[in-house]
Amino acid sequence: MSKGTYGQSEVKRARYAVAAVFAVHGSVTGSFATRVPWIQDHAGVSAGQLGLALAFPALGASLAMPLAGSVTHRFGARTALRGLLALWTLALTLPSLAPNLLTLCLALFVYGATAGMSDVAMNALGVEIENRLDKSIMSGLHGLWSTGALIGSAAGTLAAHLGADARTHHALAAAVLTVAGLVACTWVLDLQPAEDEDPPPRFALPPRSALLIGAVGFCAVFAEGASLDWSAVYLRDEMATSAGLAAACTTGFTLTMAVARLAGDKVVDRFGAVRTVRVSGVLAALGGLLVVVGGHPAVAMTGFALMGLGIAVVVPLCFAAAGRAGSNPSLAIAGVATITYTSGLVAPSAIGGLAQATSLVVSFGLVTLLACCLVVFAKVLRVGDRDRPKISGPVAEVPDRQS
């Protein structure tokens with residue numbers, strides 16, 4: 001990127017702007033998730049067909065994320081994020097309009113593609129700001145994503161309770177979130193490519209360092225996807241609890257993740273990424289062990305809460321490390337994001353398949369084993385740890401370009 005200057009106050013303002021972008025991005029996800037039953041009924045698809053359709057967001061994201069670097073290089077970071085985020089918020093309207101399985105799959109493919117590209121763009125800017133402030137902010141940014149998802153879910157739950165048509169609900173939500181996103185993007189850093197900088201390839205394999213970092217993220221997202229989709233089923237089927245108590249277990253897991261992410265930056269600044277992830281892995285593994293051997297609903301719920309606490313900061317730290325892993329942060333971040341999206345796609349079905357062949361207890365034994373891998377392989381995040389050289393001055397130089 002070409003060099004110029006930004007003052008410290010401008011970098012801090014950019015941090016809050018990117019935080020708002022993360023919250024907007026999460027709100028779209030929450031708004032969509034709560035209306036999936038309405039979308040299923042409107043499209044007239046079975047549970048199996050819905051499962052097929054819900055694989056298309058991850059497919060679209062995985063194919064489109066490598067393009068984010070090219071878009072950013074061509075238009076600059078601010079304009080690229082503004083456009084990609086607007087496409088993502090507007091894509092919220094598409095699934096509820098689909099009248100059948102084919103159109104639903106196409107709508108969800110576009111929904112996932114725009115989600116993935118905007119995800120890469122906003123994480124790349126988050127890493128850029130973190131480097132210039134020389135302190136951890138990525139955990140808090142992802143915490144605000146979780147907060148946005150909770151807000152979007154709450155609004156969607158209210159809309160569903162009132163019997164609102166999802167097409168109307170999503171049109172209104174898309175309008176509000178698009179405006180909010182465009183306003184927030186006004187103050188993000190306007191990074192521009194240097195005149196002699198070659199454009200990144202449209203499609204390229206991520207560097208080896210990103211693959212190793214992505215493997216750590218894979219373990220964390222696998223545990224997250226398994227817990228989100230199967231914790232309630234686990235309590236209902238293995239512990240014979242009520243539906244309400246089972247749902248409360250999932251809520252507890254989600255809340256511990258959100259709280260840990262919001263508080264995680266101070267921990268990372270104090271102990272560094274490697275030690276933080278090692279301790280996180282221990283907590284997640286302990287939580288998995290309680291789930292597997294606890295034998296009582298309260299113990300299992302405590303275990304799921306510990307897993308949420310343990311894996312919360314891992315993915316933000318993977319993005320931060322990827323952004324410092326090489327000369328092309330967008331490509332490295334796209335590689336890590338692709339691996340984590342794939343993990344989120346694979347985890348629910350893998351847990352279900354293993355449970356069908358054995359039991360859910362065995363399935364969460366696998367989750368516990370992957371949590372242990374966080375302890376073993378945390379050292380690959382050292383590239384993003386606090387032992388990196390300090391940035392001289394309050395902020396580094398970046399271009400002072402206005403839209």
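Mentor: We'll chat about aromatic rings, then a pocket, then salt bridges. Keep in mind that this is a predicted model.

Trainee: Okay, rings to begin with. How many aromatic pairs does the structure hold?
Mentor: There are 6 aromatic pairs in it. Take Phe32 and Tyr111: their ring centres sit 4.8 Å apart with the planes at 40°, so that pair is tilted.

Trainee: Where do Phe32 and Tyr111 lie?
Mentor: Phe32 belongs to helix α1 (residues 8-33) and Tyr111 to helix α8 (residues 101-133), so their pair ties together parts that are 79 residues apart in sequence.

Trainee: And are Phe32 and Tyr111 buried or exposed?
Mentor: Both Phe32 and Tyr111 are buried. Tyr111 also pairs with Trp88: the ring centres are 4.7 Å apart and the planes stand at 50°, so this pair is tilted.

Trainee: Which helix holds Trp88?
Mentor: Trp88 is in helix α6 (residues 77-91) while Tyr111 is in helix α8, so the pair ties together parts that are 23 residues apart in sequence.

Trainee: What are the relative accessible areas of Trp88 and Tyr111?
Mentor: Trp88 has 1% and is buried. Tyr111 has 5%, so with the cut-off for buried at under 20% it counts as buried.

Trainee: Which residues form one aromatic cluster?
Mentor: Phe32, Trp88 and Tyr111 do.

Trainee: What lies over the face of Phe271?
Mentor: That's Arg270, at 4.9 Å from the ring centre.

Trainee: Switching topic! How much space lies in the largest pocket?
Mentor: The largest pocket has about 1,900 Å³ of space. It is lined by 49 residues, and the closest to its centre are Thr29, Trp145, Glu224, Leu228 and Asp229.

Trainee: Which elements give two or more residues to that lining?
Mentor: They are α1, α4 (56-64), α8, α9 (138-161), α11 (208-238), α12 (243-271), α15 (314-322) and α16 (329-357). The biggest share comes from α12, which gives 9 residues.

Trainee: What does the lining of the largest pocket have by class?
Mentor: By class, there are 28 nonpolar, 17 polar and 4 charged residues in that lining.

Trainee: Last topic, then. How many salt bridges does the structure hold?
Mentor: It holds 4 salt bridges. One of them joins Arg132 and Glu128, with the closest N and O atoms 2.3 Å apart.

Trainee: Where do Arg132 and Glu128 lie?
Mentor: Both are in helix α8, 4 residues apart, which is about one turn of the helix. Arg132 is buried, at a relative accessible area of 8%, and Glu128 is buried too, at 16%.

Trainee: Which residue forms a salt bridge with Glu130?
Mentor: Arg324 does, and their closest N and O atoms are 3.0 Å apart. Arg324 sits in the loop between α15 and α16 and Glu130 in helix α8, so the pair ties together parts that are 194 residues apart in sequence. Arg324 is buried, with a relative accessible area of 16%, and Glu130 is buried with 3%.

Trainee: What about Asp237 and Arg236?
Mentor: Their side chains meet in a salt bridge, at 2.9 Å from N to O. Here Asp237 is partly exposed, with a relative accessible area of 45%, and Arg236 counts as partly exposed at 47%.

How values were computed: Residues are numbered from 1 along each chain as its sequence is written. This is a predicted model: local features need pLDDT of at least 70, side-chain atom pairs count only at pLDDT 80 or more; totals for chains, interfaces and linings use all residues. Side-chain values use heavy atoms; hydrogens and water are left out. Rings of Phe, Tyr and Trp (its six-membered ring) pair if their centres lie within 6.5 Å; planes under 30 degrees apart count as stacked, over 60 as edge-to-face and the rest as tilted. Buried means under 20% relative accessible area, exposed over 50%, partly exposed in between (1.4 Å probe, protein chains only). A charge sits over a ring if NZ of Lys or CZ of Arg is within 6 Å of the ring centre and within 35 degrees of the ring normal. On a 1 Å grid over the protein atoms alone, a cavity is a set of points where a 1.4 Å probe fits but cannot get out, and a pocket is an open set with protein on both sides within 12 Å along at least five of seven lines; lining residues have an atom within 4 Å of a point. Grid points are joined across faces, edges and corners, and a volume is the space filled by probe spheres set on the points. Ala, Val, Leu, Ile, Met, Phe, Trp, Tyr, Cys and Pro count as nonpolar, Asp, Glu, Lys and Arg as charged, and the others, Gly among them, as polar.
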